[in-house]
Amino acid sequence: MQETVGDNIFLLIILCTGGIFLLVISFVILFINNQKKLLRNRQQIHEAEMSYQKELMRVVLQSQEEERKRIGQDLHDDVGGSLSNLRMLINRDELPEEQENKAVIANHKLLIDKIIQDVRNISHNLSPPALALFGFTVALEELIDSINDEDNSLITLINDAEAITDQLPYDMALALIRVLQELISNTIKHGDAKRIEVSIFMENGLLVIQYRDEGVGYDPGNQKNRKGMGMQNIESRLNMINATYTMKTAPGSGFSMFIVLNSSLV
């Protein structure tokens, strides 16, 4: 009788221990699942926020481009047109016997020609017409020609992927033109470089743009330098077209940037 009671107690202890063990295991599994669920939710929220920020930036940049296009068109059509008309009026009213006035008029015409050219340059910078008409390559060459010095020695362009770059969607091509425009502007303003190289080529199915100058470079750890050089704007434009980039610079060592774009997105 005592042996039977002892066996029952032993069995009861085993059952209780097993029950507690199962309860603990169930609690641990439930805890881990909840943690995974929380992590997934946080990740989804983070991705949603990133997507929202990206879309917001895209809309802002698109609005800026539309505004630039409108201002550029107004400058070209209204101001440029008015100046051209004024120049024609001066030509028509010019009197051959008034030699003194002819000299004054000639000076005025030179001034008007300069203003017309300045307005045209501003208009083209705001909204490059060559991009919509002829594509990325011609628009980039036009940008470089407008900046290069007389012997074309400042900026060198090598485009070995012209067939790909000329197929770029307008928004993507415009973003790359703006980024290169910003980089060139930074080099001229801050880099004190005598030479800039832009190389475009395909590598392992990726479109690569290599920008390099031989300027003074800067400390990349200095946030003041980054903000002053429009890096946030460059990063936003590259993020908008899903391009990645790496940058290399140091005081006295020039500046270089590698921009990589998946050609399947083209």
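Predicted model: local features only at pLDDT ≥ 70, side-chain atom pairs only at ≥ 80, totals over all residues.
**Exercise 1. Work out how strands E1, E2 and E3 are put together.**

Step 1: Start with E1 (residues 155-159) and E2 (residues 196-203); five bridges link them, and the two run parallel.
Step 2: Move on to E3 (residues 206-213), which runs antiparallel to E2 and is joined to it by eight bridges.
Step 3: Pick up Ile-196 again, and you'll find it opposite Asp-213 in E3.
Step 4: Look at the turn: the E2-E3 hairpin has two residues between its strands, and Asn-204 takes a positive phi near 55° there.

**Exercise 2. Decide whether Asn-159 is buried or exposed, and find what its side chain touches.**

Step 1: Skip the neighbours within four places in sequence, and Asn-159 is in contact with Thr-137, Thr-165 and Ile-200.
Step 2: Now go for polar contacts between side chains: Asn-159 makes one of 3.4 Å with Thr-137 and one of 3.3 Å with Thr-165.

**Exercise 3. Find the residues of the nonpolar surface patch and classify Ile-32.**

Step 1: Collect the members: Ile-20, Val-24, Phe-27, Val-28, Phe-31 and Ile-32 make a patch of about 580 Å².
Step 2: Locate Ile-32, which belongs to helix H1 (residues 2-93).
Step 3: Ile-32 has 40% relative accessibility, so it counts as partly exposed.

Note on methods. Residues numbered from 1 in each chain as written. Heavy atoms only, no water. Patch = residues over 30% accessible without salt bridge, like charges linked within 9 Å, V, L, I, M, F, W, Y side chains within 5 Å. Areas by Shrake-Rupley, 256 points an atom, 1.4 Å probe, with all protein chains shown as cover. Salt bridge = Lys/Arg side-chain N within 4 Å of Asp/Glu carboxyl O. Helix = DSSP H or I, 4+ residues; strand = E, 2+ residues; numbered from the N terminus. Buried < 20%, exposed > 50% of the residue type's maximum accessible area, 1.4 Å probe, protein only. Pairing = 2+ DSSP bridges. Polar contact = N/O pair within 3.5 Å; in protein donor to acceptor, adjacent residues only side chain to side chain. Contact = heavy atoms within 4.5 Å.
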